[in-house]
Amino acid sequence: PSSLRRTGGIVPAVAQRLHREHIGRIVSEALEASGVSLGQLSAIATTVKPGLPYSLSEGLAHSAWLVARHGTPFVPVHHMEAHALTVRLTHQLPFPFLALLLSGGHCLLAVVRGVTDFLLLGETLDIAPGDMLDKVARRLTLAKHPDCSAVSGGRAIELLAGRGDAARFYLPLPLAHRRTCHFSFCGLQTATERLVARLEKEEGLEAGQILASAPDVAAAVQHQVACHVAEKTQRAILFCRQRGLLPQGGTVLVAAGGVASNQLIRAALAAAAQDMDSTLLCPPPHLCTDNGVMVAWNGLERLRAGVGVYHSTAGIRYQPR
């Protein structure tokens, strides 16, 4: 209410208390389901970077309270490193391997040489693929589409693309002539928005109305994302082999992150890997999107390796970027 907002600080304070109570309930329920107590935990692992500032702040604050109260070792976790190592929970995968991390906020290629040893080969120069697909879904007004209203933007694009013709419309392949492992999605987003504006005029629609050709637009943009990601990944595999960063035979490509759940993108990566005599491994879909299991697993990996484990949270800060 406006009367509370005018008090200047009561609402944030109440929200903070409610969030911490909610986190406390989640922790209590998880412990009860697992049949262990806080005192039996080997360590507490918490995401400290990168991510939304408020989420990181609340998670770190609650963890610091638990660590201080129970004297449990603390493991600060890098969000993207957790994505990269999740596959080792489901597969017995040795180092090194190539990791492709695709999400709403990130897109990068890295050689994973150890639990905390990552060699960055390429990353997005502008926005992430998930962010771009979400923006295209909003431009197509898919939230009003009867088949897509209950899902996220990226998932809506995937659902609609399954009924579309990717070859009907031309969209440019990003960075086609750049000999790097970097990615870019802004240009593809702009080209798609221009296409949508032209089709709205052709179909006599106003912005906010659903195009009859929306499935074909969705299929076209999804196809170019898959091609762009697959092409840069193949370049990374070739580069790594030339430099001796990955084995000549038996190279493993790991794709993780929310966008890695997209079935067309997975199929494109599987084909790219096969063409390079490599193997594609992906965590199951529920472990590709952001989840607590991957954070716990990263904590366990660090605990076993004896790296990045602290007996106090003093001096540890969260880093949104």
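Trainee: How many residues does helix α10 have, and what does it reach from its first C-alpha to its last?

Mentor: α10 has 13 residues and reaches 18 Å between those two atoms, close to the 18 Å expected at 1.5 Å a residue. The expected span is 1.5 Å times one less than the number of residues in the helix. Helices (H or I, at least four residues) and strands (E, at least two) are DSSP runs, numbered from the N terminus. The model is predicted: local features need pLDDT of at least 70, side-chain atom pairs count only at pLDDT 80 or more, and totals for chains, interfaces and linings use all residues. Residues are numbered from 1 along each chain as its sequence is written, and side-chain values use heavy atoms, with hydrogens and water left out.

Trainee: Which residues of α10 are buried?

Mentor: Buried means under 20% relative accessible area, exposed over 50%, and partly exposed in between (1.4 Å probe, protein chains only). In α10 the buried residues are I265, R266, L269, A272 and A273.

Trainee: Why do they line one face of the helix?

Mentor: An α-helix has 3.6 residues a turn, so residues three or four places apart point the same way. Down the axis of α10, the buried residues fall within an arc of 125°, so they line one face. The arc is taken over the directions from the helix axis to the C-beta atoms. On the face turned away from the buried side are the exposed residues Q274 and D275.

Trainee: What covers the buried residues of α10?

Mentor: The cover includes β3, α9 (214-242), β6, β7 and α11 (285-288). Contact here means heavy atoms within 4.5 Å.

Trainee: What reaches to the backbone nitrogen of L264 at the start of α10?

Mentor: A polar contact is a pair of N or O atoms within 3.5 Å; within protein, one must be able to donate a hydrogen and the other to accept it, and residues adjacent in sequence count only if both atoms are side-chain atoms. At the start of α10, a side-chain oxygen of N262 comes to within 3.0 Å of that nitrogen of L264.

Trainee: What follows α10?

Mentor: D277 does, with a positive phi near 55°. Most residues other than glycine have a negative phi, and most peptide bonds are trans. D277 sits in the loop between α10 and β7, and with a relative accessible area of 60% it is exposed. T141 also has a positive phi, near 55°. T141 belongs to the loop between α6 (129-139) and α7 (153-161), and is buried at a relative accessible area of 11%.

Trainee: Which peptide bond is cis?

Mentor: The bond from F95 to P96 is cis, with omega near -5°. P96 is in the loop between α5 (87-90) and β3.

Trainee: Which strands does β6 pair with, and in what sense?

Mentor: Two strands pair if DSSP finds at least two bridges between them. Strand β3 (residues 97-102) is joined to β6 by 4 bridges, and they run parallel; within that pairing L98 has L253 as its bridge partner. Strand β7 (residues 278-281) also pairs with β6 in the parallel sense, over 4 bridges, with T251 opposite S278. From β6 the chain crosses through α10 (residues 263-275) to β7, and this β-α-β crossover is right-handed. Right-handed means that, with the strands pointing away from the viewer, the path from the first strand over the helix to the second runs clockwise.

Trainee: Are the faces of β6 covered or uncovered?

Mentor: In a regular strand the side chains alternate between the two faces of the sheet. In β6, T251, L253 and A255 are buried on one side, and V252, V254 and A256 on the other. With 6 of the 6 residues of β6 (residues 251-256) buried, the strand is largely enclosed by the rest of the structure.

Trainee: Where is N298, and what is it in contact with?

Mentor: N298 is in helix α12 (residues 292-305) and counts as buried, at 0% relative accessibility. Leaving aside neighbours within four places in sequence, N298 contacts V77, E81, A82 and L85.

Trainee: Where is Q189, and what does it touch?

Mentor: Q189 is in helix α8 (residues 186-203). Its relative accessibility is 12%, so Q189 counts as buried. Not counting residues up to four places away in sequence, Q189 touches I127, M132 and K135.

Trainee: Where does L108 lie?

Mentor: L108 lies in strand β4 (residues 107-114) and is buried, with a relative accessible area of 15%. Leaving aside neighbours within four places in sequence, the contacts of L108 include M80, A99, L120 and F183.
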